[in-house]
Every structure is written in C-alpha cells, then in structure tokens.
Amino acid sequence: MTASFDLTAQQRRIVDALRPILGVEAEALYEAHGRSLHKLAAFARDSSLPGCRRLATSLALAQELLAEEMAAAPVFDSPAAVGDFLKLHFAGQPYESFVVMYLDAQHRLIAIEDLFRGTIAQTSVYPREIARRALHHNAAALIVAHNHPSGAAEPSRADEVLTKALEASLALLDVRVLDHLVIAGTQASSLAQRGLM
C-alpha cells in the first residue's frame, strides 16, 4: 500500500471524508480501488462490510438530494444537477443500464426509473415499455440516459437510431424526448447538445 504522504491534496481530502464512513480502513479501501471513488462506490454497493453499507447509503442520500433539486425546478434550470445525478447513479457500474427521467409539463422531475439492464457492452431497450411507464407517470417529457462501462462517453450510431425511434414513437403520445445522455465515469455526452436530436 502507498503511504498517505504520496496522496495528492485532493486525494487526502477524499480519504479524510471517507474515514468517518469507512473507519480505519478508508485509505486501504481507497488505495485498493485505484484511488477511484467510482470503483470504490461500485464495491461499496455490493459489499456487506458495515462501512461500505454506510458509504452506499451516503451515495443514495446524495442522489436523493440531487433528485430533490430537479423536482423543485425545471431540469434545464440545472443541467449540471442532471449530469451529476446520472454520474452518481452509474458510478462504477460494470454493466450497461438504461435510465428514464420522467418530467412534467414544466420539465420538473416526476420520477426516475432504471428500466433496462444489459451486459458490459449493450442493453436491449423497448420503446413500448418506456411509453407505458411515461403514461403511468403522466409525463409530458423525458430524458433518457445510459452508461458505457468501457469508459468512452461517445454516443454510438445505435444510440442515435434508438433516440430517433424513441422520439418518433413517443411523439404519437404527446411525450417529448428532451435529451439522451451517455455517461462514462465522470464524463457525460448529450445528444441534444451535439445536435443529434
């Protein structure tokens, strides 16, 4: 294990913040996961260690804090909160999954659902199920997102095709698809910002 004096100032702050949650093993666990909070978060979500359960609970509370912010105002008033929420949601996840954020007519958050789970390289997405859930939530709009565990936040051609199919099918129900985000670690790529929607 690397001695704590080899840590950068930011890494020392992270370890100091982890100590009340993980106890004396904070630095060792941080080091064992390559000094990556994303990897440590993934480990904590699957671990039964008491400190890891506390860390997973802390992450869930942070997500709820961001979701509360998005429910109080239109999501476009705080696009950083959307990106931060999704980065936290997908942190360290070793498989692809597809999330739908359901919005009201003022684009405030109604609900968030992790609808589809795939493999390390792909997820099957069913527009019919998204439409059914959008109607269930009485959503006027939605934002969809998925992660790329490979670490590349570049949307694929398949991502673009899926987005167009979702836009077309949901438009028939008067539900707008506002954005499709691809999350990879600490990076997010918006198809809307790239002019692909």
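Start by selecting residues 97–103: that is strand β1, and seven bridges tie it to β2, with the two strands running antiparallel. Strands here are DSSP runs of E with at least two residues, helices are runs of H or I with at least four residues, and both are numbered from the N terminus. Two strands count as paired if DSSP finds at least two bridges between them. To see one of the bridges, pick Tyr-102 and look for its partner in β2, Ala-111.

A word on what you're looking at: this is a predicted model, where local features need pLDDT of at least 70 and side-chain atom pairs count only at pLDDT 80 or more, while totals for chains, interfaces and linings use all residues. Residues are numbered from 1 along each chain as its sequence is written, and side-chain values use heavy atoms, with hydrogens and water left out.

Now widen the selection to the whole sheet. Five strands make an open sheet with mixed pairing, in the order β2-β1-β3-β4-β5. Its edges are β2 (109–117) and β5 (187–190), each of which pairs on one side only. From one strand to the next, the twist averages 20°.

Next, select 157–171. This is helix α7, which lies across β1, β3 (141–147) and β4 (176–184), and runs at about 155° to β4. Angles run from 0 to 180 degrees between N-to-C directions, using axes fitted to C-alpha atoms, for helices over the stretch in contact; contact means heavy atoms within 4.5 Å.

Go back to the loop between α5 (79–90) and β1, and click on Glu-96. Is Glu-96 buried or exposed? Glu-96 is buried, because its relative accessible area is 8%, and the cut-offs are under 20% for buried, over 50% for exposed and partly exposed in between (1.4 Å probe, protein chains only).

Finally, zoom out to the protein chain. Colour by secondary structure and you'll find seven helices and five strands, running α-α-α-α-α-β-β-α-β-α-β-β from the N terminus on. The C-alpha trace spans about 60 × 35 × 30 Å along its principal axes. Buried residues make up 45% of the 197 in the chain. Of the contacts with a separation of 6 or more, 59% are between residues 24 or more positions apart.
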